[in-house]
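Reader: Please take me through this model. I want each label set against its definition.

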Amino acid sequence: MSSLSGNAGTLLAAEEWHAPGLWLFQWKPLVEIGPFGITKPMILAFIVVLVVIGFFWAAFSKPQPVPKGAQMWGEYAYTFVRDQIARPMIGKDGDKYLPLLFTLFVFVWIMNLMSVIPLAQFPVTSRIAYPAALAIMVYLYMLYLGFKHQGFLGFFKNKLFPPGMPKWIYIILAPLEFLTNFIVNPFTHAVRLFGNMFAGHILIAMFAITGYHFLVVAVSPLGLPLGIVGAVMTVVMVAFELLIQALQAYVFAMLAANYIGGAVHAEH
Amino acid sequence: MNITASLQSAAGAVLAAPAEPTENSNPIIPDIAELVVGSIAFFIVLFALAKVLLPRVAKTLEERSDAIEGGIERAKQLQAEAQETLEQYRAQLAEARHEAARLREEAREQGASIIAEMREQAQADARRITEQAQASIEAERQQALAQLRSEVGTLSTRLAGRIVGESLEDDARQRRVVDRFLEELESGADAAERVR
């Protein structure tokens, strides 16, 4: 028994309640190719790729003037990102960045959604590398757009020395602005999404393990109410997480739009 | 035990959640391989959506809004046309009414004039017929008068001759003469009638 190392094994065999922890997020490679190990989150990420492309292929490959079915839903998502994220955050030329923002929103959302899909049951974005990859990409794109539209020095000047302040205040403001715009923003951009999904997954897992433990593994009169609470809360948390997943995808895309907008147009 | 253990390890492999701490157990430090995989996955989706699929739907949306705007424009135009046609119809209707009223008035006038004309003609006819009748009566009277006059002369002469030629001694004889005269007169009148 002690040779078992899977958490499923732990769940199936453990006699005592085992709180979920970091081990929820640590995956042994399923397949190893040289030094490179393919883990479940990677596979999920590529399933997300297939699902997203598959859905939008069905929706948009042959768009009809009168939409129905997948196209209708796809258009709903498209106009949502356009009217709620791209245009309000960037302005009139927001449509130029719409494909990127739409892809970010959908990709992040479906990666989050993997949390509640049976068998997948893991939010890909709770591995920091996935949000980090997207945040780094957005960050680099922001720098590129900033240099292109405002010039290398102009971009830094506009970012670090927002106009309309007393001169002496820039001694404090400029370093703070630098910290905010070039270090904290990209970091929080990734960590906000990661943290939400990480915490949500732990919560669901904790209630699920509690329910499973007291209703299946160690049934006892004392533990029964706890088990019921666990089972009910699991369902409640899944519903709550569905909301958080969509919300965080929206927030991630909106922040990306905000950074892009700040790079394209100098702040006023 | 062995079977259970292998079942459990199989289940563990399927669910694939190893609890063994990896070399990098801090959840906030990104795994390089995952960074690469995540980026590749994202760029695949970005390429498919941004280069292939989204332009299509953007075009469709644009065409749709164009179509809707065009439809509204067309509807406006049609409405304007309908309004114009209605105005035309109204104008035509008013004109037709006016025309009808004019025709009625004309017909009434014509009717009145025809009646007046007819009446005049009838009166003229009546007058003419009356005049003709009077003329013919007058002519006949003149003719009768002339004939009577000539016949009275002849008769008087003949009567006088008879009276003179015959001896009128007694009443009986005289009466006979008168009777004969009257008979002759009657037959003569008949003869005169036949001659005419």
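Author: Start with a helix pair. The axes of helix H7 (residues 170-217) of chain A and H8(A) come within 8 Å and cross at roughly 165°. This is a predicted model, where local features need pLDDT of at least 70, side-chain atom pairs count only at pLDDT 80 or more, and totals for chains, interfaces and linings use all residues. Residues are numbered from 1 along each chain as its sequence is written, with chains lettered from A and ligands numbered from 1 in the order in which they are written.

Reader: What makes H7(A) roughly antiparallel to H8(A)?

Author: Angles run from 0 to 180 degrees between N-to-C directions, and axes are lines fitted to C-alpha atoms, for helices over the stretch in contact. Under 35 degrees counts as roughly parallel, over 145 as roughly antiparallel, 65 to 115 as roughly perpendicular and the rest as oblique. The angle here is roughly 165°, so H7(A) is roughly antiparallel to H8(A). The crossing is left-handed: the near helix is turned anticlockwise from the far one by less than a right angle, while clockwise would be right-handed.

Reader: Which classes of residue make up the contact of H7(A) with H8(A)?

Author: That contact has 19 nonpolar, ten polar and two charged residues. Ala, Val, Leu, Ile, Met, Phe, Trp, Tyr, Cys and Pro count as nonpolar, Asp, Glu, Lys and Arg as charged, and the others, Gly among them, as polar.

Reader: Why are H3(A) and H8(A) called roughly parallel?

Author: The axes of helix H3 (residues 70-90) of chain A and helix H8 (residues 224-264) of chain A cross at roughly 30°. That angle is therefore in the roughly parallel class. H3(A) passes H8(A) in a right-handed crossing.

Reader: Which residues of H3(A) meet H8(A)?

Author: Val81(A), Ile85(A), Ala86(A), Met89(A) and Ile90(A) do, and their partners in H8(A) include Ala253(A), Met254(A) and Gly261(A). Contact requires C-beta atoms, placed from the backbone, within 7 Å. By class, the residues are ten nonpolar, two polar and no charged.

Reader: Is Leu119(A) buried or exposed?

Author: Buried takes 20 or more other C-beta atoms within 10 Å, exposed 12 or fewer, and partly exposed lies in between, with C-beta atoms placed from the backbone. Leu119(A) has 9, so it counts as exposed. Gln121(A) has 18, so it counts as partly exposed.

Reader: Where is Leu119(A), and what is its phi?

Author: Leu119(A) is in the loop between helix H4 (98-113) and helix H5 (129-150) of chain A. Its phi is near 75°, a positive value. Gln121(A) is in the loop between H4 and H5 too, with phi near 45°. Most residues other than glycine have a negative phi.

Note on methods
Helices (H or I, at least four residues) and strands (E, at least two) are DSSP runs, numbered from the N terminus. Two residues are in contact if their C-beta atoms, placed from the backbone, lie within 7 Å.
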